[in-house]
Amino acid sequence: MKPFRFGATVAATGTRAAWADTVRAVASAGFDVLTVMDHFTSGGIWGPLVAAHEIAPSLRLGTIVLNGDLWNPSILAREAATVDRLTDGALELGIGAGWDLRDYAAAGVEREPAKVRIARLAESLQIIRSALAGEHVQLAGEHRTVDGGEPWPPAAQSRLPILVGGGARPILELAARTADIVSVHRNLDQGVAASWSADLDPTGRFSRAVDERIGWVRAAAGDRFDALELHAILLKVAVTDRRDEVAAELAENHALPAEAILASPHYLIGTIDEIADDLVARRERWGISYWTLVAGNDLAAFAPIAARVAGR
């Protein structure tokens, strides 16, 4: 089993001083990785990451996740390689096929069917890999045609980790074949944060849906599966001795049964010991060892959880 890693996704929407406070809070709470989102409401990407390294150089840095449709892959690779050099090789690049209709509307870009977006992302990943490695960038694909001329300045890392994720089979299979980190989520092809109910099995749990997604990844990865790091986001972490009551409250907000919340990999509810046991059990069942806490959660409350599973 891979060791646990924990990340926190935060938004750089305020002042420099506010950003510095946020970064220090992430570091002091015991997180390994600070990541930023790629939405128009969540602030910029590259400047905050470089600033975060200056504030807390022990943190790894990343994106969870960039919308591949809204980034020219050559320009993205140039920016990522530069940030990696300026942060002493701390960057992990998370990228997806795009989902949020609001971001497409804000960018004035048409959101095409998933098949097209995923095929375009596959070609973008080829360009990005070559550029980050300092190789000659050249591709004549169906969606991307690039001739980069002489090699561009590479990333500091010999292989900068790339995270790709999603909830549908085609994107997870692409991630399994090409990424270093595979993020397992729900299917957001509707373009909105829709209900989780489609993932429920007859017992009202998410477990079978996650089993199925891990199976897709394993089959597509083949011999490289053991080298992959599996990732999932944590939407809500609640440290409480009223586990069932809090789960029921959250479930009501989502129109789900409480059993679904407790079985979902995206929620952690209970005492420190119960949450630690859940994390270990989920790693044993699914192999997920890297977890990212989304914005809006209590960063400090997560510190004892990270400490409890350290070394397990």
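The second largest pocket of this predicted model has a volume of about 190 Å³. Its lining is made up of 13 residues.

- If you want to find its centre, look for K2, F225, L228, L230 and G287, the lining residues that lie nearest to it.
- Helix α7 (207-221), strand β10 (229-234) and helix α10 each contribute at least two residues to the lining of this pocket.
- Sorted by class, the pocket lining holds 6 nonpolar, 2 polar and 5 charged residues.

**The second largest cavity**
- The model has 2 cavities of 30 Å³ or more.
- Strands β3 (60-63) and β5 (91-96) each provide at least two residues of the cavity lining.
- By class, the cavity lining splits into 4 nonpolar, 4 polar and 1 charged residue.

**Where α10 meets α11**
- Helix α10 (residues 272-286) and helix α11 (residues 299-309) have axes that come within 9 Å and cross at roughly 55 degrees.
- Because of that angle, α10 counts as oblique to α11.
- The crossing of these two helices, α10 and α11, is right-handed.
- On the α10 side, the contact is made by I272, D273, I275, A276 and L279, while α11 brings P304, I305, R308 and V309.
- The residues of this contact between α10 and α11 comprise 7 nonpolar, no polar and 2 charged ones.

Conventions
Residues numbered from 1 in each chain as written. Predicted model: local features only at pLDDT ≥ 70, side-chain atom pairs only at ≥ 80, totals over all residues. Heavy atoms only, no water. Axes fitted to C-alpha atoms, helices over the stretch in contact; angles between N-to-C directions. Helix = DSSP H or I, 4+ residues; strand = E, 2+ residues; numbered from the N terminus. Parallel < 35°, antiparallel > 145°, perpendicular 65-115°, else oblique. Left-handed = near helix turned anticlockwise from the far one by under 90°. Contact = heavy atoms within 4.5 Å. Nonpolar A, V, L, I, M, F, W, Y, C, P; charged D, E, K, R; others polar. 1 Å grid on protein atoms, 1.4 Å probe; cavity = no way out; pocket = protein on both sides within 12 Å on 5 of 7 lines; lining within 4 Å. Points joined across faces, edges and corners; volume = space filled by probe spheres on them.
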